Amino acid sequence: MIFSLLLSVTLGFLLFSSSLKFKKFTPPSCPTIGCLISFYNNRYRLLDWYTQLLSESKTQTIVVKTFGAPRTVVTANPNNVEYILKTNFENFPKEKPFTDLLGDFLGVGIFNVDGEKWSLQRKLASHEFSAKSLREFVVKILEDEVENRLFLVLENAAENNIILDMQEVLRRFAFDTICEVSLGTNPSCLDLSSSVLPLVEAFDDASKFSAMRGVELVSAVWKCKRAVNLGSEKKLKELVNFIHSSVNEIIQAKKRKLEKDGANDLLLKFLGAGLDDEMVRDMVISFLMAGRDTTPAALMLLFWLLSSQPDIEKQVVDEAFSINSSEKSLNYDLKEMKYIKACLCESMRLYPPVVGDSKHAAKETPS
């Protein structure tokens, strides 16, 4: 199921500013400015740079110090990750520099808050995703999207010898699916003959401009641009306003028919839980972002790896055919697809669709 990809994302490494006393490796730096020059040279390939440095560290942990930025510890050590995300979870909230980057876009959505707001949304989402009614609802949407839209796109390409950008096709497929699950409406992005919807483009651009904040040498740069409404910050503000107004319109329409609508989409369930409109809006935006970005990334990387391993690809295809040979409809249960699930897990281990998490140590913790 699509949400087994969406919710079971793999952490490649963990970012956090803290007072942890780890044995660590510090990348080459200069007095006063730290590794500012190296950071600048690698600002558009930070993941590759961090991965290289982590591979050179015996403890899989490094410290990044740059002028005008907080001291940052980067770790890929499994023991550290378990300690931060499980053993001592309460002591590691999201750091303010991270929540500032995404605050305008994601607001008080689950991926950008801590404490009571996080717990409330986590509890609600966990309950809904474990509910049999929602699982059946998701499967029904997947069946319709795959059999009546995705297959048509792929069959048409095969019959007419058309080269497809599979990453774009999968992104459109994921956005259609997550919109129907979250909002109860299908934007029909898989209709490749039509232009991309403004809301879809707005999500892409808002994500890009939010990410651009993270590659600024010092946060004061983008904060100043936001204060004077200039350049990328001006564009981001316009995009966020458009996204918020679009989602708010959908929310108000849903509220008007809340009592008589028997659908199972998440928006109706969030509204039925009595959450205020702002939190509902931001929760929906967070789920749309997660569904649009993580699932196609995971699938695309899986297909890319399989393309270079014909023997494994054949076993994947054989298992898919054997499971679905006697079925009237497609089987979406990964529990029955043991080999496919193993390939998917290994693909996400090598190339996690979510590569990091940002945390802050609320108080000093022992080594």
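Colleague: What percentage of the 367 residues in the protein is buried?

Modeller: This is a predicted model, in which local features need pLDDT of at least 70 and side-chain atom pairs count only at pLDDT 80 or more, whereas totals for chains, interfaces and linings use all residues. Residues are numbered from 1 along each chain as its sequence is written, and side-chain values use heavy atoms, with hydrogens and water left out. A residue is called buried under 20% relative accessible area, exposed over 50%, and partly exposed in between (1.4 Å probe, protein chains only). Of the 367 residues in the protein, the buried share is 42%.

Colleague: How many helices and strands does the protein have?

Modeller: Both kinds of element are DSSP runs numbered from the N terminus: helices are H or I runs of at least four residues, and strands are E runs of at least two. Counted in this way, the protein has 15 helices and 4 strands.

Colleague: Which residues touch the most other members of the largest nonpolar core?

Modeller: A nonpolar core is a set of buried Ala, Val, Leu, Ile, Met, Phe, Trp, Tyr and Cys residues joined through side-chain atoms within 4.5 Å. In soluble globular proteins, nonpolar side chains tend to be buried together. Here the largest core holds 48 residues, and the members that touch the most others are Phe105, Phe203, Ile243, Phe270, Val280, Val284 and Ile285.

Colleague: Which helices each supply at least two residues of this core, and which residues are among the 11 of another core apart from it?

Modeller: The helices that each supply at least two residues are α5 (96-106), α6 (115-130), α7 (132-159), α8 (166-183), α9 (198-214), α11 (231-256), α12 (266-272) and α13 (277-307). Apart from this core lies another, of 11 residues, among them Ile323, Leu334, Met337 and Met348.

Colleague: Is phenylalanine 105 buried or exposed?

Modeller: Phenylalanine 105 lies in helix α5. Contact means heavy atoms within 4.5 Å, and, with neighbours within four places in sequence left aside, the contacts of phenylalanine 105 include Phe203, Val240, Ile243, Ile285 and Met289. Because its relative accessible area is 2%, phenylalanine 105 is buried.

Colleague: Which residue in β3 stands opposite valine 64?

Modeller: Two strands pair if DSSP finds at least two bridges between them; strand β2 (residues 61-64) and β3 do so in the antiparallel sense over 4 bridges. In a regular strand the side chains alternate between the two faces of the sheet. In β3 (residues 72-75), Thr72 and Val74 point one way and Val73 and Thr75 the other, and all are buried. Opposite valine 64 stands threonine 72.

Colleague: Which residues are linked in a network of salt bridges?

Modeller: A salt bridge is a side-chain nitrogen of Lys or Arg within 4 Å of a carboxyl oxygen of Asp or Glu, and the whole structure has 13 of them. One joins aspartate 204 to arginine 171, with the closest N and O atoms 2.7 Å apart. This pair links distant parts of the chain, since aspartate 204 is in helix α9 and arginine 171 in helix α8, 33 residues apart. The network consists of Glu168, Arg171, Arg172, Asp204 and Arg292.

Colleague: What is the relative accessible area of aspartate 282?

Modeller: The side chains of aspartate 282 and arginine 281 meet in a salt bridge (3.0 Å, N to O). Arginine 281 counts as buried because its relative accessibility is 13%. Aspartate 282 is also buried, with a relative accessible area of 0%.

Colleague: Which residues make the nonpolar surface patch of about 310 Å²?

Modeller: Patches are made of residues with over 30% relative accessible area and no salt bridge, like charges being joined within 9 Å and nonpolar side chains (Val, Leu, Ile, Met, Phe, Trp, Tyr) within 5 Å. Areas come from the Shrake-Rupley method with a 1.4 Å probe, and for residues only the protein chains shown count as cover. Leucine 350, found in helix α15 (residues 338-350), counts as partly exposed because its relative accessibility is 43%. The patch is made by Trp304, Leu350 and Tyr351.
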